[in-house]
Amino acid sequence: MLQRNFGNSSLTVSALGFGAGHIGYDDVNEREAHGLLDRAVDLGITFIDTARGYGLSEERIGSWLPGRRDAVVLSTKVGYDVDGAEDWSAAAVTGGVDEALRKLGTDVIDVVFLHSCPLTVLQRGEAAEALLKCVDAGKVRVPGYSGENDALAWSGNAGTFGALQSSVNLADQRSRTDVLPAAARQGLGVVAKRPLANAPWRHDERPVGVYGETYWERLRLMDVEPESDDWQGTALRFSAFSPGVSTAIVGTSKVRNLDAAAAAVGRGPLPEGESRRWEDAFAPHAQDWAGEV
């Protein structure tokens, strides 16, 4: 598995990361969660991304982690749902970090993101300042922001964060062009989420009521199909090898899906002409599709 520097930090991450959202819920038990994490490490995946909002995900990673801490880079997301603390307050950020440290069973978390914090809140500074104090206290290595659109662009230029997390996929290329180049110049680590866009190509008819519905509609309007690989392979290679991306995270509850994702990334970047076809198909719609999915 290809390993990359995570921006200007001292961290090194795999080009494919594991999004640990699925392992926090009832359709995956703890034994299965541990099996997925074991397989991820076997495949050379070194970046594991979770959040306090992902059910039991942090706890299950924590019960798996003993003896493996040095093999992985851990990231989580905070800022909300802390008892007795207003969302995005200093207490919510600090409390989220402290709870994550306890649940994960580690002394330090490699990357912590403010999770979709609104722009107006970011600009007040309290949440970011609290996260930086966690860095100063040795609880967090790299402070980050996870989100989209204006809040993401602001965070990329704030001089506060060392990492960004944003959607990067065939049908969601805004951050790829508007944010990632500047992030790369500033030495920020970048996590590409939703690289498969919820796999809308699985559906012959519109999948109503999920975020993949919007991506399904966009791909229909773009009217492009893969030439050099299957849908999943094309999508993953487009995202993982987008300029400025450090790691693209795939969330799954199935080992076979993780294996397929690793195989796709192992094939390297898409041919230049293939990437350009997708860029050209998205470009005419870029302004109309500027809103968050």
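**Cavity lining and aromatic contacts**

The largest cavity is lined by Asn169, Leu170, Ala171, Pro195, Leu196, Ala197, Pro200, Trp201, Leu219 and Ala235. The model is a predicted one, and its largest cavity has a volume of about 30 Å³. One cavity of 30 Å³ or more is found in the structure. Sorted by class, the residues that line the largest cavity comprise nine nonpolar and one polar, with no charged residues. As a friendly reminder of the idea behind such a search, rolling a probe the size of a water molecule over the atoms shows where empty space is left.

In total, six aromatic pairs are present in the structure. Among them is the pair of Tyr145 and Phe161, which is tilted, with 6.3 Å centre to centre and 50° between the planes. This pair links distant parts of the chain, its two members being 16 residues apart. Tyr145 belongs to strand S7 (residues 140-146), whereas Phe161 sits in the loop between helix H6 (149-157) and strand S8 (163-167).

Tyr145 counts as buried because its relative accessibility is 2%. Phe161, at 7% relative accessibility, therefore counts as buried too.

A further ring contact involves a charged side chain: Arg4 lies over the face of Phe241, at 5.1 Å from the ring centre.

How values were computed. Residues are numbered from 1 along each chain as its sequence is written. This is a predicted model: local features need pLDDT of at least 70, side-chain atom pairs count only at pLDDT 80 or more; totals for chains, interfaces and linings use all residues. Side-chain values use heavy atoms; hydrogens and water are left out. Rings of Phe, Tyr and Trp (its six-membered ring) pair if their centres lie within 6.5 Å; planes under 30 degrees apart count as stacked, over 60 as edge-to-face and the rest as tilted. Helices (H or I, at least four residues) and strands (E, at least two) are DSSP runs, numbered from the N terminus. Buried means under 20% relative accessible area, exposed over 50%, partly exposed in between (1.4 Å probe, protein chains only). A charge sits over a ring if NZ of Lys or CZ of Arg is within 6 Å of the ring centre and within 35 degrees of the ring normal. On a 1 Å grid over the protein atoms alone, a cavity is a set of points where a 1.4 Å probe fits but cannot get out, and a pocket is an open set with protein on both sides within 12 Å along at least five of seven lines; lining residues have an atom within 4 Å of a point. Grid points are joined across faces, edges and corners, and a volume is the space filled by probe spheres set on the points. Ala, Val, Leu, Ile, Met, Phe, Trp, Tyr, Cys and Pro count as nonpolar, Asp, Glu, Lys and Arg as charged, and the others, Gly among them, as polar.
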